[in-house]
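Please keep the sequence and the model in view while reading.

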Amino acid sequence: MDASSLLDQIAEKRVCIVGSELVDNYTVYIIEVKVGDHSWTVKHRYSDFHDLHEKLTAEKKIDKHLLPPKKILGKNSKSLVEKRQKELEVYLQTLLSSFPSSTPKVLSNFLHYHLYEINGIAAGLAEELFHKGEQLLAAGEVFVLRPLQLYAVTQQLKQAKPTCANGDAKTDLGHILDFTCRLKYLKIPGMKGAVGASNIEEQSLPFDLSIFKALLQIEISDCDVGQIEGLPYLRPTLATLNIHRSASSMKEILVPEASEFAQWEPEGVHTDCPVTAIVSKWKTLTTLDMSRNFIRCIDESMKLIPAVEFLDLSHNELSSVENLQHLYNLVHLDLSFNKLTVMEGVHTKLGNIKTLNLAGNQMETLSGLSKLYSLVNLDLSSNKLGQLDEIKHIAALPCLEKLALANNPMCIIPDYRTKVLAQFCDRASEVCLDGTTTTEKEFDTVEVLKAIQKAKEAKNRMANNEKKVSDAPGPAEGGPQSSSSSASPSLSRSTCSSQVSNWPQC
């Protein structure tokens, strides 16, 4: 909705009483308010109308005889209710026509303008920040603004009108702008469906974030990415960006300019290819949480966030891992609950990774993880890992301390824990498996399994050596002749003695 249509909306305010209902022996009138395309309902009993009238007459803004008189006898009779409903409707319509440019605060609150109408919403927010703004900024806490509030502020700024149209200094738009220029932590929780008793759909309301000049952290949820404007203005200061249930790609959040240009490159990159736009980087962004969205790939927008250390892409629709080589500061990566099946060559993209969460995917092999030498924490729970031999791919990782394998098919194998830990050899006591440290009993069992394994390996070596001796050609088979016939038995005993001395001692 552009500024001209908003001016039409301001002029087009309508009110009518569409019905009534009996509540606890008194009549409640159902009022429908329309401002432009937006409408909502408000419920009031006659005493509420009387209180409104008293306040307006006290301010000498209306005729004290305008309100229909109060009735005592038969107040809930059908005929009286219908008659009073029409009279109260005329009363409200007369009030609106009496204040075409600026609605008095008491009337605005009575009609719930502070909940649904852009001028009333902005005025209410401005007054709140007039009283509490400095205190909120000093506390350094997260401030919550709904999309409808941001939409109201955005549209107010587009109007060619004073920032304090109703004459009340406490509701001046300047209080909002002063606050947003200094705010550091912001949360914007959207919602699906209509707002309250209105027909207003928040996901259809655009809002502009360029009024925030010092944000360090922002969280946006349940918004349509098309309604979020001004994100690039946050690049110079933002350290943490959280977006949930709002995006279908990373690029539309990190590079909204990409929709306007055929090709783009990040600033500071030299390329021989023709580009139509140079896009600035998110130089201070260290944490990016885009979990619970509808993302299917990790796109080239990763080039713009080189400082990111924590990346959460869980609960998306990823089937491959790409472009993470641009994040050379990345140490924590969450790819849980996606559609990943393999992680081949991932070490070329995650050279410094310390924490990797792959839970809830469809992985059957761990072969691609064998070279993540800096990895400390690895979550592989709820995958499709069925073979214990897969553990050999991660058993040699020198820094691995925490490993989660719960809810995999291999977990039903008897003595699963000890058989997994045994593959870590001398580091078995250092590995915390499925959130449980290795017990002394488990460690003893692991030592026994290791001894049995060593005995098997020694037996195999002995069998191989005996096979080599038995396969060696003798003199009768054309082999080399010894210089003395008595040397052969001596050589044979020496060889066997050497083989026995090489067996491991159990």
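Where is Asn25 found? Asn25 sits in the loop between strand 1 (13–23) and strand 2 (26–35).

**Basis of the values**

The model is predicted, so local features need pLDDT of at least 70 and side-chain atom pairs count only at pLDDT 80 or more, while totals for chains, interfaces and linings use all residues. Residues are numbered from 1 along each chain as its sequence is written, and side-chain values use heavy atoms, with hydrogens and water left out.

**Overall composition**

The chain has 13 helices and 18 strands. Both are DSSP runs numbered from the N terminus, with helices being H or I of at least four residues and strands E of at least two. Of the 506 residues in the chain, 42% are buried. Buried means under 20% relative accessible area, exposed over 50% and partly exposed in between, with a 1.4 Å probe and protein chains only. Contact means heavy atoms within 4.5 Å. Among the contacts in the chain with a separation of 6 or more, 52% are between residues 24 or more positions apart.

**Loop residues**

Asn25 has a phi near 70°, a positive value in a residue other than glycine. Its relative accessible area of 57% makes Asn25 exposed. Arg245 is not a glycine either, and its phi is positive at about 50°. This arginine, Arg245, lies in the loop between strand 9 (240–244) and helix 9 (251–254), and at 34% relative accessibility it counts as partly exposed.

Gly36 belongs to the loop between strand 2 and strand 3 (38–45). Is Gly36 buried or exposed? Gly36 counts as buried, because its relative accessibility is 16%. Along the chain, Gly36 and Lys13 are 23 residues apart, and their C-alpha atoms are separated by 6.9 Å.

**Helix packing**

Two packed helices are described by the angle between their axes and the distance between the axes. Axes are lines fitted to C-alpha atoms, for helices over the stretch in contact, and angles run from 0 to 180 degrees between N-to-C directions. Angles under 35 degrees count as roughly parallel, over 145 as roughly antiparallel, 65 to 115 as roughly perpendicular and the rest as oblique.

| Helix pair | Axis angle | Axis distance |
|---|---|---|
| Helix 6 (118–139) and helix 8 (174–182) | about 45° | 8 Å apart |
| Helix 6 and helix 7 (147–158) | roughly 105° | within 8 Å |
| Helix 2 (46–58) and helix 3 (78–98) | roughly 30° | within 12 Å |

Helix 6 and helix 8 pack at about 45°, which makes helix 6 oblique to helix 8. Their crossing is left-handed, a term that applies if the near helix is turned anticlockwise from the far one by less than a right angle, with right-handed meaning clockwise. On the helix 6 side, the residues that meet helix 8 include Ala122, Leu125, Leu136 and Leu137, and on the helix 8 side they include His175, Ile176, Phe179 and Arg182. By class, this contact of helix 6 with helix 8 has nine nonpolar, two polar and three charged residues. Here Ala, Val, Leu, Ile, Met, Phe, Trp, Tyr, Cys and Pro count as nonpolar, Asp, Glu, Lys and Arg as charged, and the others, Gly among them, as polar.

Leu136, in helix 6, is partly exposed at a relative accessible area of 27%. Beyond its neighbours within four places in sequence, Leu136 is in contact with Leu129, Glu141, Phe143 and Phe179. Leu136 and Leu183 are 47 residues apart in sequence and 8.9 Å apart in space, C-alpha to C-alpha.

Helix 6 and helix 7 cross at roughly 105°, and the two are therefore roughly perpendicular to each other. Ile118, Asn119, Ile121, Ala122 and Leu125 of helix 6 meet residues of helix 7 that include Leu148, Tyr151 and Val153.

Helix 2 and helix 3 cross at roughly 30°, which makes helix 2 roughly parallel to helix 3. The crossing of helix 2 and helix 3 is left-handed. Tyr46, Phe49, Leu52, His53 and Leu56 of helix 2 make the contact with Arg84, Leu88, Tyr91, Leu92 and Leu95 of helix 3.

**Nonpolar cores**

A nonpolar core is a set of buried Ala, Val, Leu, Ile, Met, Phe, Trp, Tyr and Cys residues joined through side-chain atoms within 4.5 Å. The largest has 89 residues, and Leu209 and Leu369 have the most contacts inside it. Apart from neighbours within four places in sequence, the contacts of Leu369 include Met343, Val346, Leu380, His393 and Leu397. A second, separate core of 34 residues includes Val42, Leu107, Leu148 and Tyr151.
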